[in-house]
Amino acid sequence: MPDNWGFVAAAYGLTAAVLLIYWQRLVRREREVATLQRLNAERSHEPSRAGHPRPEPASRPPVP
Amino acid sequence: MVRIFGWFAAISLLAGLVMAFGVAPREVTQGNVQRIMYVHVPLILASYVAFVLLAIASLVYLVRRDPRADRVAHASGEVGVIFVGLGIATGSIWGKPTWGTWWTWDARLTSVAILFVMYLGYLLLRGTIEDPERAARYSAVLGIVAALDIPLVHFSVYWWRTLHQPPSLMKPGGFTGSTSILWPLLVNLLAFVLLYAYFVARRVRLLRAEAEATA
């Protein structure tokens, strides 16, 4: 029977390609989630901007 | 820890390749195309491991409602689908030069195709239900039911007359071929089980991070 190296290459090549794509997808998603976590952490450390902040003394109107 | 697992998997995969192409002999009747066996059989056996672990983790989730068990089941299902899909594809590539056809609806091929579709359905079910608790519960039930197909796939070659050959490794009386074929097969089996464990460990870590980031 002929050796059919093309079929051997196709089987190993397909396996390697699919496994590499899956691995790269995991790595990319891990980076995205790490960025999301960093942004969440930064937001939680910022002072609250809710409500109306008190104006700075220099910007207040003079007392009559 | 996960990184060390990855290195072990990479080194054993490299060793498996060397064994498959450098140590294993050219098979007498099929020629070199038989070397596809060193990737096809380990992929299918590693997918069995994946689906059995999925069923165990699903059972643990249903009993304890522990989200860690659900994450293991989810990760194992995802990796298992990739492995069984590749197992079917490499088997089809092997079948064309040896059987003269890419596919035939015999008992082994049909039962493994059903296995693939059921676990694909498992992943789709997870993705379509928005409530995470409900998704985990429903998919756990499906994961346990789908595992019943694994013995059907394995024993189909004994129960029905099929074109597919009987198992090489997991059969009564053990492996009967030459050790020059057995060792490359075992090294590749170890490599793919390690790769499966690495992917699952990494996917579980990612699922936990995703849950924390979106909480």
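What follows is a short tour, with something to select at each stop.

Before you click: this is a predicted model, where local features need pLDDT of at least 70, side-chain atom pairs count only at pLDDT 80 or more, and totals for chains, interfaces and linings use all residues. Residues are numbered from 1 along each chain as its sequence is written, chains are lettered from A and ligands numbered from 1 in the order in which they are written, and side-chain values use heavy atoms, with hydrogens and water left out.

**Stop 1: the pocket**

Select L20(A), A9(B), A10(B), L13(B) and L195(B): of the 24 residues lining the largest pocket, these lie nearest its centre. Now colour the elements that give two or more residues to that lining: α1 (5-45) of chain A, plus α1 (2-23), α2 (37-64) and α7 (179-214) of chain B. (Helices are DSSP runs of H or I, at least four residues, and strands are runs of E, at least two, numbered from the N terminus.) Which element gives the most to the lining? That's α1(B), with nine residues.

The pocket's volume is about 760 Å³. A pocket here is an open set of points on a 1 Å grid over the protein atoms alone, where a 1.4 Å probe fits, with protein on both sides within 12 Å along at least five of seven lines; lining residues have an atom within 4 Å of a point. Points are joined across faces, edges and corners, and the volume is the space filled by probe spheres set on them.

**Stop 2: salt bridges**

Next, show the side chains of E210(B) and R29(A), which meet in a salt bridge at 2.6 Å, N to O. (The rule: a side-chain nitrogen of Lys or Arg within 4 Å of a carboxyl oxygen of Asp or Glu.) E210(B) sits in helix α7 of chain B and R29(A) in helix α1 of chain A, so this pair joins two chains. Buried or partly exposed? E210(B) is buried at 17% relative accessibility, while R29(A) is partly exposed at 33%. (Buried is under 20% relative accessible area, exposed over 50%, partly exposed in between, with a 1.4 Å probe and protein chains only.)

Salt bridges that share partners join R25(A), R29(A), E32(A), E78(B), R203(B) and E210(B) into one network.

Then hop to D70(B) and R126(B), whose side chains meet in a salt bridge at 2.7 Å, N to O. This pair links distant parts of the chain, 56 residues apart: D70(B) is in helix α3 (residues 67-99) and R126(B) in helix α4 (residues 107-128), both of chain B. D70(B) is buried at 13%, and R126(B) is buried at 11%. Over all chains, the count is 11 salt bridges.

**Stop 3: aromatics**

The whole structure has 12 aromatic pairs over all chains. (Rings of Phe, Tyr and Trp, using Trp's six-membered ring, pair if their centres lie within 6.5 Å; planes under 30 degrees apart are stacked, over 60 edge-to-face, the rest tilted.) Y198(B) is buried at 8%, as is F199(B) at 2%.

Last, select F155(B), Y158(B), W159(B) and W160(B), which form one aromatic cluster. Y158(B) is in helix α6 (residues 149-159) of chain B and is partly exposed at 39%.
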